[in-house]
Amino acid sequence: MPKLTIDGREIEVPPGTNLIEAARQLGIEIPHYCYHPGLPIAGACRLCMVDIERTPRPTIACNTVAADGMAVETRTPRVLELRRSVMEWHLINHPLDCPVCDQAGECWLQIYYMQHGLYEPRMIDDKVHKPKAVPIGRHVMLDAERCILCSRCVRFCDTITRTGELGIFNRGDHSELGVFPGTTLDNPYSGNVVDICPVGALTDRDFRFQARVWYLDRAKSICPGCARGCNIEVHTNQKRTHHAQGRRVVRLKPRFNAAVNRWWMCDEGRYGFGDLDAPTRLERPELGLDGARGAATWDAAAARLAERLRAAGPEGTAVLLSPALPNEDLWLARRLFADALGVRRLDHRVPPREPGSADDLLRVADKAPNRRGAELLGLEVAGAADGWPILEAARAGAVRLLWVVGHDVLDSGWPADLVAEALGRVDCLVYQGTNANGTSARAHCVLPSAAYVEREGTFTNVDGRVQRFWRAVLPRGEARADWEIFAAVARALGHDWRPRRAEQLFRELAEGVPAFAGLSYAGLGDQGAPVAGAVAEAAR
Amino acid sequence: MEPILSRHFDRPEARTLEGYRAAGGYEAFRKALALGPAGIAAEVKKANLRGLGGAGFPTGTKWGFIPQKRTGPVYLVVNADEGEPGTFKDRYILERDPHALIEGMLIAAYAIDCQTSFVYIRGEYVRPWRVFSEAAAEAEAAGLLGPDILGSGFGHRIIVHRGAGAYICGEETGLISSLEGYKGWPKVKPPFPAIRGAFGQPTVVNNVETLATLPHIVARGGEWFAGLGTKTQGGTRLYSVSGHVVRPGVYEAPVSITLRELIERAGGVPPGRRLKAVVPGGASAPLLRADEIDVSMDVDGLRAAGTMAGSAGVIVMDDTTCIPEALHVVARFYAHESCGQCTPCRECTGWIYRITGRILAGKGVPADPDTILDVARRGAGSTICAFYDGAIGPYISYVEKFRAEFDHHIRHGACDVRPNGGPARAAGH
């Protein structure tokens with residue numbers, strides 16, 4: 001491994017490491033625009049210049065591979081002077097419209113001007129004008145005047161999605177980013193170009209003008225959009241609640257995880273957070289067992305359900321759990337329904353109406369974020385392809401209490417008429433979930449769940465990686481985490497279950513389920529860890 | 001002086017294969033086959049041949065960068081994009097002595113073990129393209145191109161590619177990008193073309209004139225060629241002389257000729273005028289004042305004089321020339337032709353063009369000349385390719401050497417050289 005010094009400090013890096021990454025390992029930031037670790041080298045912005053011993057003039061760090069014995073200086077007077085100049089050149093044609101630019105606050109022109117620019121402006125000539133506010137795709141707005149032509153977005157579309165919609169047209173200072181004639185930026189990963197755009201040239205049509213970024217709070221999370229489990233950040237607007245039409249969650253951003261999604265996420269996941277603050281959110285428990293359905297307290301709902309569960313008995317009870325429930329919640333559901341109550345009609349598999357989208361980049365056809373967790377917990381009707389035997393039993397009148405978590409069984413791959421028939425034959429239909437749907441509309445009892453951003457927990461992704469997510473906002477209305485709901489019902493049934501935190505449930509899970517043995521909640525960190533056997537399987 | 005490169009320029013019959021052969025054509029290639037690749041390379045090194053496209057890099061050394069261990073093909077790319085303002089000598093070779101280029105290409109290709117070459121011809125060069133393509137077809141029909149040439153076992157084919165009107169496609173890696181079907185953006189180096197060039201293969205890019213000298217070097221020996229020039233550069237070369245001279249045109253001369261002698265060969269400035277300034281090596285070469293022309297025109301002689309031999313495009317300016325206007329014209333060229341890929345060049349060529357335009361429009365401010373100098377100096381050596389370093393040559397030299405003219409424009413809002421004509425002519429650009 002090459003050993004070199006950067007600003008007098010020695011470091012050893014893997015062969016092939018460039019100087020920006022080598023310096024990063026020492027905590028030294030070499031400013032750059034066009035370089036992105038996930039994309040091919042462009043060498044275009046010329047900001048990452050450093051001095052290398054025995055090299056006559058400053059050299060770009062992005063295209064220089066660390067070599068043994070190399071002595072690199074990142075802060076020589078001429079490097080600092082060149083950075084100042086490169087900042088000036090980046091900005092001479094820039095419109096300087098920060099007050100009305102959505103990127104302000106997270107713009108690398110602003111950040112680097114303050115760190116490396118701070119020159120006296122001397123450009124007194126007219127700036128070059130280019131198209132502004134051009135919708136180049138469903139999700140992305142282009143302001144070509146703000147663009148610094150770093151070509152990150154072009155390289156993303158050329159090498160990551162391989163869709164090639166973007167190009168830089170014309171020459172010289174009339175060079176202009178745009179879509180090729182007759183195309184739009186409509187690939188399934190288009191939102192990533194907004195993330196990697198270092199300036200305000202590409203902004204998110206969904207997010208722009210909703211909130212100033214310095215008012216946002218951030219929480220680490222996991223995208224619940226499919227079984228991939230892309231690592232994300234949830235950005236919430238809680239300081240200016242009158243902004244963003246009252247939406248608390250204003251955007252999702254990918255969070256780097258080398259083992260899962262690297263720097264990226266798909267548009268489906270990115271823009272799939274609409275339900276979180278939708279009017280369809282279920283906000284308080286409702287009971288309708290004795291006539292019209294109306295609001296109830298959690299205590300009353302738990303007590304009535306305990307009563308009904310006892311009456312139905314293990315044979316008369318069936319549960320359709322959701323593979324979108326976190327591991328901790330599925331664990332407690334198993335303890336409650338299978339272990340304590342002895343229910344055998346328990347499953348998590350409801351086929352989708354249409355097959356989910358999938359590709360070889362990130363998207364997985366299975367849209368459930370914790371399918372693997374549900375499988376590892378063994379929550380399935382033995383010998384069945386999916387949960388249909390439960391509905392079949394209900395149709396036959398064998399099920400008195402049907403507890404559905406998250407699914408809209410009326411809008412699934414199962415024939416809606418047969419499902420409706422089955423639902424009509426149960427005495428007590430319980431719906432537990434975050435949002436109203438066709439199934440909840442027919443339920444006798446509705447239990448509002450906290451959404452994933454309103455609680456913490458873990459999902460096990462398609463590769464068997466257990467990953468934590470954190471709470472970003474408080475639960476809406478009286479909604480509770482699903483495990484809290486199960487615990488409340490268990491207490492109403494006479495069990496003294498008082499789990500306080502997801503971590504406590506995870507510890508029980510790790511002790512109780514072999515696949516999770518050896519994992520600890522804290523030990524998962526923010527990058528996750530594989531369940532037992534996942535590594536061997538991935539290698540195969 | 002015996003014409004070498006230009007020997008066929010006034011002999012239309014030499015443009016056909018028959019005529020070229022009658023004058024001894026393709027005999028040098030036959031000799032090259034006997035010499036073998038190493039023998040050719042040795043002669044070229046002995047000849048002190050420096051690349052005649054602009055950079056003046058030793059040709060033999062360039063060939064030597066091709067890796068010995070390789071799996072794929074090696075490509076020869078002929079740079080016939082001749083775009084340097086004031087340069088028109090490759091056009092003469094393509095139009096008037098196309099077989100000299102083909103023979104030179106065969107010699108080079110044989111020396112570097114290359115079976116396919118590309119000739120990238122400037123898009124505006126329609127006639128040169130047509131003449132050269134016809135010559136290549138003729139050579140192929142005669143078995144001088146194709147498999148197993150002259151029973152040697154060596155095969156070669158030529159692919160002719162026309163440019164589409166971008167100066168930057170004369171920069172060797174911009175040319176390669178364009179040849180590959182991409183936008184003509186120069187590539188970040190390393191890797192250099194000799195390692196990873198056209199289509200990812202080891203590639204030699206040589207200028208038309210450079211290759212056209214090879215038959216002579218092979219036929220008469222490297223030492224003979226070296227003896228024509230200076231200690232560090234052999235041969236004669238073709239000088240394109242334009243501007244305020246009585247007989248503009250292409251002149252062949254030993255590289256040791258002085259600029260003064262060359263201008264005299266072109267008839268000097270028109271009667272009644274005085275020489276003011278000369279660009280000795282194409283627009284990118286720094287300007288020389290009238291008192292600086294006793295300088296040898298070889299690569300190292302001009303470098304010592306603070307300018308460069310470049311493409312040997314000599315642009316002569318007499319005392320009717322307004323230097324700020326001349327700089328504005330040059331600045332317009334660089335602003336228009338900058339590919340826009342990397343920041344310093346993209347932004348500063350446009351900025352300086354706007355400053356010179358403002359000065360000519362009578363709206364200059366006192367800081368303008370220093371701003372031009374400062375912006376130009378700061379950007380030196382900071383870009384992906386040599387384009388901007390080429391632009392800096394005129395930016396700095398025009399302002400430094402004729403500062404008073406700029407200051408006059410700024411102070412008075414008008415030209416002192418052509419009080420009535422200056423700004424109006426500039427506005428026409």
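1. A residue counts as buried here if 20 or more other C-beta atoms lie within 10 Å of its own, with C-beta atoms placed from the backbone. The model is a predicted one. By that cut-off, strand 21 of chain A (residues 457–460) is covered on both faces. On one side A:Gly457 and A:Phe459 are buried, and on the other A:Thr458 and A:Thr460 are buried too.

2. Strand 21 of chain A runs antiparallel to strand 22 of chain A (residues 465–469), and 4 bridges join the two. Within this pairing, A:Phe459 has A:Gln467 of strand 22 of chain A opposite. The two strands form a hairpin with 4 residues between them, where A:Gly464 adopts a positive phi near 80°.

3. Elsewhere in chain A, 3 strands make up an open sheet with antiparallel pairing, in the order 11-12-13. Strand 11 (216–222) and strand 13 (249–254) of chain A are its edge strands, each pairing on one side only. From one strand to the next, the twist averages 25°.

4. In that sheet, 7 bridges connect strand 11 of chain A with strand 12 of chain A (residues 231–237) in the antiparallel sense. A:Ala219 faces A:Val234 of strand 12 of chain A across this pairing.

5. The contact between the chains draws 24 residues from chain A and 25 residues from chain B. On the chain B side, the elements giving two or more residues are helix 12 (323–337), helix 13 (343–360) and helix 14 (368–379) of chain B. Helix 13 of chain B gives the most, with 11 residues. By residue type, the side of chain B that touches chain A comprises 9 nonpolar, 11 polar and 5 charged residues.

How values were computed. Residues numbered from 1 in each chain as written. Chains lettered and ligands numbered in written order. Predicted model: local features only at pLDDT ≥ 70, side-chain atom pairs only at ≥ 80, totals over all residues. Buried ≥ 20, exposed ≤ 12 C-beta atoms within 10 Å, placed from the backbone. Pairing = 2+ DSSP bridges. Axes fitted to C-alpha atoms, helices over the stretch in contact; angles between N-to-C directions. Contact = placed C-beta atoms within 7 Å. Nonpolar A, V, L, I, M, F, W, Y, C, P; charged D, E, K, R; others polar.
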